[in-house]
Amino acid sequence: MPINKNPIDSANKRLKEKLDDYQLITPIYSFDDVILDRSVFDDINTSIMVYKYSDEIYERWGLGKVIKRRKNISINLYGESGTGKTITAHAIANALNKKMLFVNYGEIESKYVGETAKNLIRMFEYAKSNDCILVFDEADALLSKRVTAMTNATDVSVNQTRNVLLRLLDDYTGVIIFTTNFISNYDKAFFRRITSHIKIAMPDYEGRKRLWQKYLVDEIKLEEEREKFVDEISKIDEVTGADISNAVLKTVTLAIINGEKGIKRYELEKEINNIKNNREKIEDFHVSTRKVSPEYVKAQIDSGGVMNGST
């Protein structure tokens with residue numbers, strides 16, 4: 001085994017990686033940047049007010065007599081990819097004047113049994129001591145259903161992690177935001193503990209119109225009357241705010257490259273439709289898997305063959 005000649009450098013590297021895991025982020029978006037249905041905004045604002053008026057709610061209005069343990073303010077933002085869940089998380093943090101700690105399951109997961117749960121505990125302690133908002137991105141990976149038929153150490157570790165997180169959520173009194181595209185994967189125990197589940201839906205015509213008006217800024221010259229341009233382009237449905245942002249960015253870039261003074265609607269329509277079609281192709285892509293026997297795996301490895309899942 002080779003001798004590590006730079007143990008101090010290695011230790012410093014591990015320390016830096018650990019610190020990078022807990023990097024606080026200052027929100028860069030506010031609710032002025034978010035296009036939301038009125039009902040959705042009202043739901044989010046109510047959750048924010050519960051946190052802001054916590055002392056008055058529990059003390060002056062007496063709810064502390066019957067709700068002995070103050071709940072954390074947890075908001076689950078769910079919906080299609082690109083509908084603005086992350087931007088909305090930024091806006092919530094901005095409204096509360098707090099920084100954010102973004103958490104991805106892959107960053108806290110450990111191959112060693114029990115370590116993932118310990119990482120979660122340290123992360124909650126860090127968030128509490130820094131008074132920041134915990135944001136669980138792609139939360140379904142962490143809040144997924146527990147294993148009912150445990151057959152190995154991995155299954156035990158998964159359930160241990162889920163149970164530790166349940167206890168942390170029961171005791172935590174800060175603000176937590178979850179975002180997911182797959183809310184159906186949530187374990188029911190987690191679902192019950194989250195105080196607000198808010199769907200960020202695909203924008204309707206009026207929502208798309210507001211999004212196009214936002215991204216087609218006045219500096220962009222349109223080779224058509226602006227109101228008609230926006231009205232017509234907004235008729236293309238099943239597009240998200242991210243789709244619209246990307247389409248405008250690419251169309252403007254191509255106009256600059258080609259030396260054009262403005263953009264044409266048919267060029268923008270072509271780009272937004274390309275984005276839609278590419279997304280649909282990705283959503284239609286499926287990977288099929290089949291279980292194979294240990295004997296089949298061993299035989300294939302011994303023979304140098306390909307394991308195709310047919311046995």
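**Close-up views of a predicted model**

**View 1. Cover over the buried residues of helix α4.** The elements that cover the buried residues of α4 include α2 (38-52) together with β1, β2, β3 and β4. The structure shown in this and the following views is a predicted model. Helix α4 spans residues 85-95, and its buried residues are Lys85, Thr88, Ala89, His90, Ala91, Ile92 and Ala93. In an α-helix, residues three or four places apart point the same way, because each turn takes 3.6 residues. Just after α4, Asn97 adopts a positive phi of about 55°.

**View 2. The five-stranded open sheet.** The strands are arranged in the order β2-β3-β4-β1-β5, with parallel pairing. At the edges stand β2 (100-104) and β5 (196-199), each of which pairs on one side only. On average, neighbouring strands of the sheet are turned by 20° against each other, direction ignored.

View 3. Strand β3 comprises residues 133-137 and runs parallel to strand β4, residues 175-180. The two strands are joined by three bridges. Within this pair, Leu134 is placed opposite Ile176 of β4. Helix α6, formed by residues 115-130, lies across β2, β3 and β4. Its direction makes an angle of about 140° with β3.

**View 4. A nonpolar patch on the surface.** Leu63, Val66 and Ile67 make a nonpolar surface patch of about 250 Å². Val66 belongs to the loop between α3 (54-60) and β1 (73-78). Val66 counts as exposed because its relative accessibility is 63%, and the cut-off for this class is over 50%.

View 5. Arg193 is located in helix α9, which covers residues 188-193. With a relative accessibility of 29%, Arg193 is classed as partly exposed, because this value falls between the limits of 20% for buried and 50% for exposed residues. When neighbours within four places in sequence are left aside, Arg193 is in contact with Ser74, Leu166, Leu169 and Asp170.

Terms used: Residues are numbered from 1 along each chain as its sequence is written. This is a predicted model: local features need pLDDT of at least 70, side-chain atom pairs count only at pLDDT 80 or more; totals for chains, interfaces and linings use all residues. Side-chain values use heavy atoms; hydrogens and water are left out. Two strands pair if DSSP finds at least two bridges between them. Helices (H or I, at least four residues) and strands (E, at least two) are DSSP runs, numbered from the N terminus. Axes are lines fitted to C-alpha atoms, for helices over the stretch in contact, and angles run from 0 to 180 degrees between N-to-C directions. Contact means heavy atoms within 4.5 Å. Patches are made of residues with over 30% relative accessible area and no salt bridge: like charges are joined within 9 Å, nonpolar side chains (Val, Leu, Ile, Met, Phe, Trp, Tyr) within 5 Å. Accessible areas come from the Shrake-Rupley method with a 1.4 Å probe; for residues, only the protein chains shown count as cover. A salt bridge is a side-chain nitrogen of Lys or Arg within 4 Å of a carboxyl oxygen of Asp or Glu. Buried means under 20% relative accessible area, exposed over 50%, partly exposed in between (1.4 Å probe, protein chains only).
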